[in-house]
Protein chains: 2
Amino acid sequence: MDEPEFIAALRSLPLHPGARNLEDDCALITIGNETLVINHEMMAEGTHFRPDADMADVAWKLVASNISDLAAKGAEPVGVLLGHSLGRDDARFLQGLKEALLAFNVPLLGGDTVTATGASTFAMTAIGRATHHPVPARRGAKLGDAVYVTGTIGRAMLGFEGAAHHRAAFDRPEPRLAEGLALAPLVSAIMDVSDGLLLDCWRMAKLNNQTFAIDPDAVPVADNARRDECMRWGDDYELLFTAAPGAAIPVAASRIGKVVAAGFAPLVLGKNAFPTADNLGYSHG
Amino acid sequence: MDEPEFIAALRSLPLHPGARNLEDDCALITIGNETLVINHEMMAEGTHFRPDADMADVAWKLVASNISDLAAKGAEPVGVLLGHSLGRDDARFLQGLKEALLAFNVPLLGGDTVTATGASTFAMTAIGRATHHPVPARRGAKLGDAVYVTGTIGRAMLGFEGAAHHRAAFDRPEPRLAEGLALAPLVSAIMDVSDGLLLDCWRMAKLNNQTFAIDPDAVPVADNARRDECMRWGDDYELLFTAAPGAAIPVAASRIGKVVAAGFAPLVLGKNAFPTADNLGYSHG
């Protein structure tokens, strides 16, 4: 069973209303006037990090990837729970975990520690507090909206390849928490870009039954000569969002396209239409 | 680094007050008048389940072990998030997950699905709503309190060995949710017994800086001829708790001992004192 098949099967189980049919990255629990935003991520050796990775970076990215999903909901972090597999340079893991918790100002709530054999797997659940209602979601993009992305795309790719100036973008990504808080009241749809800009544009458009028309030259890339690769690589942890075309955007972001009526392809990049998500990004499960 | 060393190191990180110094199984988050009780468990192939285990049973136990920790806090389940490693008989896993969610009346909130290599690891975060304040904890046992345990100890062991009458106790344990809700207002300390009764008695006494004097003949065991083994095996998911000696106990439970002044050993079993936790139960991490 692949990931889409598995998630489709999960939809036949009893779902909490806050699961929002498992279409979004975070679940919502409303208590009184507060809404908690909850995200869970796993990272597996060989899939999400290399066996020779510095475990401090792995721990940092585990926290960052969770916080990035909270950022896309405009949620303030409350705390995280860690699922830790012992045995892969635990002291370095702890060091990176500490640095990330301090950097993002989020405390540890609890978790579980296990002894595992073979490749290591780590889990984290992040809990945040929504700052705006309704909580923004992947759904909600409106016909005529503009499409935006924060930051510069492709930095993680260059960092992964060893470019000194971009190493931190790959090893120690900084989720766009402040930007997410500022954007929550005005976006029509939002998600973080973790699997590649084009793939995430395709997914958001598909979920909204629309087409995103993206101007490739408007996408801010880290290496102009490798624009296509930059737009397909993942791990950038920027925010992709849609907003009314006249909306004043309170954060640094680039307008990269617009929401148009659904055509046969969820994504149109310049003159190229992409009816399927094949080769648009990194589907690593 | 072993599990106690790792947890000790975690205590030097920024902790949420609801982490309660990582001494308990669950974290607490208070919002308005409500307290959420949050638990996270991982299960690893080779450590928590055998490579030839029916994945439906593994999924059931993943849910049951989480719900059991909520039960020990007198919490009503709100929902669970699943961290799933694809590839180990996913259809059976989904079947057991569905059966457990329906049996414990708890919906799926969300989660993450990954492709992993080698041995499989699964994670679950359970969120519940406290029904009593303060939320009962492992801490709180008072000198002179009586010590109780629900159910019959050792059934999971016999079920693991193949005894037909006890198979369900091992494959499909039923957390004591109703008992936990009934006990929450009157216990002084409580935890679920997952690593063996004697080990968990030792741990609770140690945390409370007391000694638990347990009468081995008062412990309800599934096989009288193997009383010692029953008290040391784990996976029973019963509730261990202390209460004032005159308290009326509203659930079926056996009085197995009492809380006495701290001696040199946290646990005294009949005439035998156990200063260390060695050989008292199953420490599988």
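Predicted model: local features only at pLDDT ≥ 70, side-chain atom pairs only at ≥ 80, totals over all residues.
## Relation of the two chains

## The interface between chain A and chain B

The contact between the chains draws 63 residues from chain A and 63 residues from chain B. The size of an interface is often given as the accessible area lost when the parts come together. For chain A and chain B, the area buried between them is about 5,200 Å², and 74% of it lies on carbon and sulfur atoms. On the side of chain A, the residues that lose the most area to chain B are A:Phe6, A:His40 and A:Met42, which together account for 12% of what that side buries.

## Domains within chain A

Chain A is divided into two domains, with domain 1 spanning residues 3–130 and domain 2 spanning residues 146–274. Taken over C-alpha atoms, the centres of these two domains of chain A are separated by 22 Å, and the contact between them involves 22 residues from domain 1 and 19 residues from domain 2. Between them, domain 1 and domain 2 of chain A bury about 1,700 Å², with 59% of this area on carbon and sulfur atoms.

## Packing of helices H2 and H3

Two packed helices are described by the angle between their axes and the distance between the axes. In chain A, helix H2 (residues 55–71) packs against helix H3 (residues 90–103) at an angle of about 35°, with the axes 7 Å apart, and the crossing of H2(A) and H3(A) is right-handed. On the H2(A) side the contact is formed by A:Met55, A:Ala56, A:Ala59, A:Trp60, A:Leu62 and A:Val63, while the H3(A) side supplies A:Arg92, A:Phe93, A:Gly96, A:Leu97, A:Glu99, A:Ala100, A:Leu101 and A:Ala103. Sorted by class, the residues in this contact of H2(A) with H3(A) are eleven nonpolar, one polar and two charged.

In chain B, helix H2 (residues 55–71) and helix H3 (residues 90–104) pack at an angle of about 35°, with their axes 6 Å apart, and H2(B) crosses H3(B) in a right-handed sense. Among the contact residues are B:Ala64 and B:Ile67 of H2(B), together with B:Ala103 and B:Phe104 of H3(B). By class, the contact of H2(B) with H3(B) comprises 13 nonpolar, one polar and two charged residues.

## Backbone details

In chain A, the peptide bond from A:His133 to A:Pro134 is cis, with omega near -5°, and A:Pro134 lies in the loop that runs between strand S5 (121–130) and strand S6 (146–150) of chain A. In chain B, a cis peptide bond likewise joins B:His133 and B:Pro134, where omega is about -5°, and B:Pro134 is placed in the loop between strand S5 (121–130) and strand S6 (146–150) of chain B.

A further backbone detail concerns A:Asn21, which has a positive phi of about 55° although it is not a glycine. The residue A:Asn21 is found in the loop between helix H1 (3–10) and strand S1 (27–31) of chain A.

How values were computed
Residues numbered from 1 in each chain as written. Chains lettered and ligands numbered in written order. Heavy atoms only, no water. Axes fitted to C-alpha atoms, helices over the stretch in contact; angles between N-to-C directions. Helix = DSSP H or I, 4+ residues; strand = E, 2+ residues; numbered from the N terminus. Left-handed = near helix turned anticlockwise from the far one by under 90°. Contact = heavy atoms within 4.5 Å. Nonpolar A, V, L, I, M, F, W, Y, C, P; charged D, E, K, R; others polar. Domains from an automatic or database assignment. Buried area = accessible area lost by both parts, 1.4 Å probe.
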